[in-house]
Amino acid sequence: MDREELISSMIMELRRGTIILGVLSQLNEPVYGYNLVNILSDCGMTVEANTLYPLLRRLEGQGILSSRWETEDNSKPRKYYVITDFGKEIYHAMSRQWSDTVSSMKELMERSSL
Amino acid sequence: MSNQFNHDLIERYIYAVTRQLPYKIREDISKELQSLIDDMLLERCHGKLPTQTDLNLVLTELGKPEDLARNYNPDQDKYLISPKYYGIYKSLLSIVLASTALGMTIAGFLNIIFSQNPISLPLEILKWMGTSIMGLIYPFAFITILVAIFERKGIFVDLNFSDFQDLPKVPREQEKIRKFDCVFEITFSILFAVLFLFTPNAIRVFTHLPKSSGMSSIPVFQAEVIHNMWFLIVLFFLISITKSTFRLYEGRYTKRLAVFTVFSGVISLICAYLFTQAKEIMNPDFTNYITDIFSKTSDAAFIINTFTHLNTVFLAIIAFAIFLDILNVVIRAVIYDK
């Protein structure tokens, strides 16, 4: 594995868990997959559709999201995802953990002399 | 034209993804992908008719169908033997194949030594190589199927305990089953199975026959009868190898091991009974020879009886060994596995 590859795999590792948190944060209202790709990307979180779609399905399987097919204004049907009550619980637990992580990382990095 | 081409390509792409997925989710994923590709094209072309290049770019962004399918269905049921069982599989395979190869080599030598007819050595070696390759394929298949069953049933490495209290306690020295013993059992079983299957004539008595000059020998059993019952021999040793494998990974005397030992003991005993009591298993030349030489001794009846019923003597020895094994495992399991 060369330098660049190693760096990108480390960054991917770091990003992995944050994608779920980002996704859940935006699903209080029903959103369809590709719209979510755009919302996340507008906020600076680039997630490929080929990662996001399977992830949404997995989260649905875990009872964190629910989905339904909807047809709006004569367009083709799209699958809309929304967070469930169970999903909200998970989201709150995760975001608390995230805040703790951010503050401890901030402190660690401030102390670091690198 | 281009639209038709695009439509066709989208269909083919979606099919290439969904055909690798479980049947029940295929239709939904295919609808989902169709709507995703439509959305991506819509965004790229801003309402204009998408060209082939647009579609190619969109599909490239989605990636190879097999990668996308893997994202949808990671790792599930994809392995015959998954990485967590691979270590077990590899070590079992090396023990079993090495023992089989050794057994086949010994059997090959014995066959050449005891061959009744003049033989051509190169031909025998070729024959031996052929049999060895076939002989190695069976245990290979057996071990693969055995471990694949373990994989499906989650035997051995199922650490799905809910509480650390459920972790098994560290066995004391006398509670442990030594790895070496199990490996020895497996190796010995295979060696014996191979020898028995391929050179039943090796069990024989050496003597000076009156009519011939020099040493001669007579096989104790009828090779054809033994050959005809190969399935009993195979079953007997398969059970024995499975039991030793179970022991190897259990590593200690447990109740489930005791249950399996009793179960395998019963099956082995049935096999041994059917095998040793088969009609005409004893070589008549051997029984005649024994009757001849011992008819003049004082304990004639007893000796002749013992030797001419050597099959029953073997059965008794096997039964005794099975009994001791069951007794040993059951008693230790009762004492140590509380």
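**A helix pair in chain B**

Modeller: In this predicted model, H7(B) and H9(B) are roughly antiparallel to each other, because helix H7 (residues 179-198) and helix H9 (residues 230-250) of chain B pack at an angle of about 170 degrees, and angles over 145 degrees count as roughly antiparallel. The axes of H7(B) and H9(B) are 9 Å apart. On the side of H7(B), the contact is made by B:Lys179, B:Cys182, B:Glu185, B:Ile186, B:Ser189, B:Ile190, B:Ala193, B:Phe196 and B:Leu197, while H9(B) contributes residues including B:Trp230, B:Phe237, B:Ser244, B:Arg247 and B:Leu248. By class, this contact of H7(B) with H9(B) has eleven nonpolar, four polar and three charged residues.

Turning to chain A, three strands form an open sheet there, in the order E1-E3-E2 and with antiparallel pairing, and strands E1 (31-32) and E2 (65-70) are its edge strands, each pairing on one side only. Two bridges join E1(A) to strand E3 (residues 78-83) of chain A, and A:Tyr32 stands opposite A:Tyr80 in E3(A). Helix H3 (residues 49-61) of chain A lies across E2 and E3 of chain A, running at about 120 degrees to E2(A).

The contact between the chains takes twelve residues from chain A and eleven residues from chain B. Helix H2 (33-42), H3 and E3 of chain A each supply at least two residues of the side that touches chain B, and the largest share of that side, six residues, comes from H3(A). By class, the side of chain A that touches chain B has five nonpolar, three polar and four charged residues.

Technical notes: Residues numbered from 1 in each chain as written. Chains lettered and ligands numbered in written order. Predicted model: local features only at pLDDT ≥ 70, side-chain atom pairs only at ≥ 80, totals over all residues. Pairing = 2+ DSSP bridges. Helix = DSSP H or I, 4+ residues; strand = E, 2+ residues; numbered from the N terminus. Contact = placed C-beta atoms within 7 Å. Axes fitted to C-alpha atoms, helices over the stretch in contact; angles between N-to-C directions. Nonpolar A, V, L, I, M, F, W, Y, C, P; charged D, E, K, R; others polar. Parallel < 35°, antiparallel > 145°, perpendicular 65-115°, else oblique.
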